Amino acid sequence: MTRNYLLRDVSPLGEGTTDVLLADGIIAAIGAGAEAQAKDPVIINGSGLVLLPGLVDLHTHLREPGREDAETVRSGTRAAAMGGFTAVHAMANTTPTQDTAGVVEQVWRLGRDAGWVDVRPVGAVTVGLEGERLAELGAMAESAAQVRVFSDDGKCVHDPVVMRRALEYVKAFDGVIAQHAQEPRLTEGAQMHEGVVSAELGLAGWPAVAEEAIIARDVLLAEHVGSRLHVCHLSTAGSVEIIRWAKSRGIDVTAEVTPHHLVLTDELARGYDPVFKVNPPLRTQRDVEAVREGLADGTIDIVATDHAPHTREDKDCEWGAAAFGMTGLETALSVVQETMVDTGRMTWADVARVLSTAPARIGRVSDHGRPLAVGEPANLTLVDPGIRRVVVPEEQSTQSVNSPFRGRELSGCVIATWLRGRATVMDGSACDESVVVSS
């Protein structure tokens, strides 16, 4: 059920205070006259709270179909709403792979029926993520799911000829190839970042150049064919410099960084806790500083969670046998606040850009990431930046508990999330009763 909401003395994008009225699924009024236009609204005291456009994640693993023991579309999108998201892009490495119109439409319908956020499936670039034959890119683009982002994430499109063909193909429908930059020959058996810590621990190293070499190749391919390229989970200082160089040449490339690469380093591997095993691996403090700088100056366009839930069996084991990946939907905004806003590197308007406006633009999601203006869809997030909370994975909405922030106190908390004016989160709790499941 969609109700009317009057937000009193709220701070849009962290600048000033005003009243905001949500009615009939849109932002109906802003300013002194908002209360006069309200009809029996739910009144929210917005004093000290920041209003943002609903967050958009370009990189989420929902695991369904095939690994419902780790996550489902319903549980993953509920976690997304709790994290302030109103739209997510569901990655293609499911079982079966999202490489046909039928599978992406299945995921899209699961998201629609769950009702927590809008789910935009990501189509595979190649059949079965095998890197050999292009998948049904055109059919997925023309399907009900209207796929515009294609990625073999989890694997790299390592063959330059296949990558070139994919970049050429998606130009016809304004699509984008999102590359998992990992040269496979340089990372065979790799377990963590190659450096001092890997040498001391005796773990096979994952060199930074394995990421940087693919990014360098692909920005040149994108320039050659005149297509859009997006770089997934950039993690090294060298990668930042390559993206900065490519943009200076006018190449149509965008890049993302994950919350965990903004704060965590390879030093955490010293305890051999597999929760810190991730792809790409946690890098050095120098790399952390470089990606923070790149995000602040606009070289890196967005923050994307790379939410990668796993079962306890896949993580509660020795390091070498453990799966790569971390959860992140419910902590992403807090990590960005703590590393970028609280440190003075970014404003809340910048947060809206990197977590909402830019990912919506890259993913071609037209009704999300919109300005906070009268008449715009009420896809919104309300945040209390003054709250400090300790992360307890077992209390989160995601089915999996492989959060790297367990026991860590983080800044900020999502108070409410609205999807087209319908509250999916209120007072920091999921509005289960308000989510209507389609028959």
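This report describes a predicted model of one protein, covering its domains, its salt bridges and some individual residues.

## Basis of the model

Because the structure is a predicted model, local features need pLDDT of at least 70 and side-chain atom pairs count only at pLDDT 80 or more, while totals for chains, interfaces and linings use all residues. Residues are numbered from 1 along each chain as its sequence is written, and side-chain values use heavy atoms, with hydrogens and water left out.

## Two domains

The protein is divided into domain 1 (5-51 + 375-437) and domain 2 (54-363). These bounds come from an automatic or database domain assignment. The centres of domain 1 and domain 2, taken over C-alpha atoms, are separated by 26 Å.

In the interface, 44 residues of domain 1 are in contact with 49 residues of domain 2, where contact means heavy atoms within 4.5 Å. The size of an interface is often given as the accessible area lost when the parts come together. Between domain 1 and domain 2 the buried area is about 3,500 Å², and carbon and sulfur atoms give 54% of that area. Buried area is the accessible area (1.4 Å probe) that two parts lose on being put together, summed over both.

## Polar links and make-up of the interface

Four salt bridges are counted between domain 1 and domain 2. A salt bridge is a side-chain nitrogen of Lys or Arg within 4 Å of a carboxyl oxygen of Asp or Glu. The count of residue pairs in polar contact between domain 1 and domain 2 (both at pLDDT 80 or more) is 26. A polar contact is a pair of N or O atoms within 3.5 Å; within protein, one must be able to donate a hydrogen and the other to accept it, and residues adjacent in sequence count only if both atoms are side-chain atoms.

On the side of domain 1 that touches domain 2, the elements that give two or more residues are β16, β17, β18 (422-426) and β19 (429-430). Strand β17 gives the largest share of this side, eight residues. The residues of this side divide into 19 nonpolar, 16 polar and nine charged. Here Ala, Val, Leu, Ile, Met, Phe, Trp, Tyr, Cys and Pro count as nonpolar, Asp, Glu, Lys and Arg as charged, and the others, Gly among them, as polar. Helices (H or I, at least four residues) and strands (E, at least two) are DSSP runs, numbered from the N terminus.

## Salt bridges

Side chains of opposite charge can pair when their charged atoms come close. The count for this model comes to 28 salt bridges. One of them joins Arg-228 and Asp-174, at 3.6 Å from N to O. This pair links distant parts of the chain, 54 residues apart: Arg-228 is in the loop between α7 (208-225) and β13 (229-231), and Asp-174 is in the loop between α5 (160-170) and β10 (176-179). Arg-228 is buried, with a relative accessible area of 10%, whereas Asp-174 is partly exposed at 36%. Buried means under 20% relative accessible area, exposed over 50%, and partly exposed in between (1.4 Å probe, protein chains only).

Glu-409 forms a salt bridge with Arg-388, and their closest N and O atoms are 3.3 Å apart. This pair also links distant parts of the chain, with Glu-409 in strand β17 (residues 409-419) and Arg-388 in strand β16 (residues 380-390), 21 residues apart. Glu-409 is partly exposed at 40% relative accessibility, and Arg-388 is partly exposed at 43%. Another salt bridge joins Glu-267 and Arg-270, at 2.6 Å from N to O. A network of salt bridges links Arg-67, Asp-69 and Asp-314.

Arg-364 has its place in the loop between α12 (348-362) and β16, and is partly exposed with a relative accessible area of 30%. Not counting residues up to four places away in sequence, Arg-364 touches Arg-120, Arg-148, Asp-174 and Arg-228. Asp-174 and Arg-228 are the two partners of the 3.6 Å salt bridge.

Asp-118 lies in strand β8 (residues 118-121). The side chain of Asp-118 makes a polar contact with the side chain of Arg-420, at 2.7 Å.

## A buried helix

Helix α11 (residues 332-341) is largely enclosed by the rest of the structure, because nine of its 10 residues are buried. Among the buried residues of α11 are Leu-333, Val-336 and Met-340.
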